[in-house]
Amino acid sequence: MRRNGRKTWRGNWRNVAHWVVVGGALGYLIYLVPGLARDIGKAAEPLDHLQWGWLFVAIVCGVLALVVYGELHRELLLVGGARVPGTTVQGINFVENAVSTTVPVVGGAGAIVYAIDQLRRRGVDAPLASWSVLLAGVLATLTLLVLGAVGLGLGGRLPLGLALALAALIGLGAMGAWKVLTHPAVLRQGMRPVVWVGRWLPGCHACREVWAVHAERVVARLADRIALLRPSAPRWVVFVVLAALTWILDFSTMASSVAAVGSSAPWNVLLVGFLLVQGSIALQVLPGGVGLAETSLLALLLASGVTGATATASVLIYRSISWLGLSLLGWLIYGLWIHTAPVHLHRHAVELSSA
């Protein structure tokens, strides 16, 4: 009876904690409402003459950008033989995006932890879950850098030769880093600090004890598991195409948002604005780059000759779709999953049975 009562208490505590997180994130979004209201007031005239066709395109592209990124997650899981349903991967992906872009301070790390935990609840082993989540982010970042360099060159913002050389350097550097990091000896060295940190994380006491006593065996097991995750050349092409398509769709969301208010700006100007927004998000000064992203994009549109009200309306539409709308959708999924996500059945470290 006592054990069942303890499990019930823990389950209730987790549910309360989940709702506290949801409430905190939604509270942060509500805190931003006055600023959004002021922006709507400034952009009243352009918003009154919206071109609904372009707005629909912007919404579709914004949602598809995140869906394609979720497909990248699923393809990475397939490398390790994990066949998680596409709808499940997409749900995890939407929630991961919401946590990353709306939770202050720890949003980025919390999103990674959430995604890994949810995959483990679906039977994916910890090394594969971690590898797929982290590699998706790295691939997306490197792809953006390559596309950005090429785009800046084609748009005349950088000398074309320099831009292509920079893109090639990033691509070749990534390939070289992959070769080095997946070498068995390097993998084992890289797993040592991971295992050391894992000894101090909350969780199964018996497993943490085994990680401390049999650290080298744990290191070898984790390194051997990750070493098996070697995508074929065709799969690498699929990964890169999906990562590139994610950014192309996101950029299309921005371009369509500008067109929706009847404005126009050269594509190379929009590309610079897009890169500034993504850089603002990556800095994580505030969740989702709030404030810095809007200011940088607004300043660039104004400098390109777009009127103040129209520029404000364009930024408002783009950020409402790509940040606010997708975040709210992710939190909705999170709330629904609080009571429906499968319970994680802990599996002891392999070394425990032979210790």
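Thr-310 is found in helix α15. Helices here are DSSP runs of H or I with at least four residues, strands are E runs of at least two, and both are numbered from the N terminus. This is a predicted model: local features need pLDDT of at least 70, side-chain atom pairs count only at pLDDT 80 or more, and totals for chains, interfaces and linings use all residues. Residues are numbered from 1 along each chain as its sequence is written, and side-chain values use heavy atoms, with hydrogens and water left out.

Is Thr-310 buried or exposed? Thr-310 counts as buried because its relative accessibility is 13%. Buried means under 20% relative accessible area, exposed means over 50%, and partly exposed falls in between, with a 1.4 Å probe and protein chains only. Ser-263 sits 47 residues from Thr-310 along the chain, yet the two C-alpha atoms are separated by 6.9 Å.

Helix α15 also holds Tyr-318. Its relative accessible area is 1%, so Tyr-318 is buried. Which residues is Tyr-318 in contact with, leaving aside neighbours within four places in sequence? They are Asp-250, Thr-253, Met-254, Ser-257, Phe-274, Val-277, Gln-278, Leu-297 and Trp-323. Contact means heavy atoms within 4.5 Å. Glu-294 is 24 residues from Tyr-318 in sequence and 9.5 Å away in space, C-alpha to C-alpha.

Turn to helix α12, where Thr-246 lies. Thr-246 counts as buried because its relative accessibility is 9%. Leaving aside neighbours within four places in sequence, Thr-246 is in contact with Ala-65, Val-68 and Tyr-69. Gly-70 is 176 residues from Thr-246 in sequence, and their C-alpha atoms are 9.5 Å apart in space.

Now the whole chain. It has 16 helices and 0 strands. Of its 355 residues, 43% are buried. Among contacts with a separation of 6 or more, 75% join residues 24 or more positions apart. The chain exposes about 18,400 Å², and carbon and sulfur atoms supply 70% of that area. Accessible areas come from the Shrake-Rupley method with a 1.4 Å probe; for residues, only the protein chains shown count as cover.

Next, the empty space. Rolling a probe the size of a water molecule over the atoms shows where empty space is left. The search uses a 1 Å grid over the protein atoms alone. A cavity is a set of points where a 1.4 Å probe fits but cannot get out; a pocket is an open set with protein on both sides within 12 Å along at least five of seven lines; lining residues have an atom within 4 Å of a point. Grid points are joined across faces, edges and corners, and a volume is the space filled by probe spheres set on the points.

The second largest pocket holds about 1,100 Å³ of space. Its lining has 40 residues, and Tyr-69, Ser-100, Trp-247, Gln-278 and Ile-281 lie nearest its centre. Two or more lining residues come from each of α4 (52–79), α5 (86–102), α6 (107–121), α7 (126–154), α12 (233–260), α13 (267–283) and α15 (308–337). Helix α7 gives the most, with 11 residues. By class, the lining has 21 nonpolar, 16 polar and 3 charged residues. Ala, Val, Leu, Ile, Met, Phe, Trp, Tyr, Cys and Pro count as nonpolar, Asp, Glu, Lys and Arg as charged, and the others, Gly among them, as polar.

How many cavities of 30 Å³ or more does a search of the whole structure find? It finds 1. The largest cavity has a volume of about 40 Å³. His-73, Val-89, Ile-92, Asn-93, Ala-115, Leu-119 and Val-133 line it. Helices α5 and α6 are the elements that give two or more residues to this lining, and α5 gives the most, with 3. The lining has 5 nonpolar, 2 polar and no charged residues.

Last, the packing. A nonpolar core is a set of buried Ala, Val, Leu, Ile, Met, Phe, Trp, Tyr and Cys residues joined through side-chain atoms within 4.5 Å. The largest such core has 74 residues, and Leu-72, Leu-77, Val-124, Trp-131 and Leu-301 have the most contacts inside it. Helix α7 gives the most to this core, with 10 residues. Not counting residues up to four places away in sequence, Trp-131 touches Leu-76, Val-79, Trp-178, Ile-226, Leu-229 and Pro-231.
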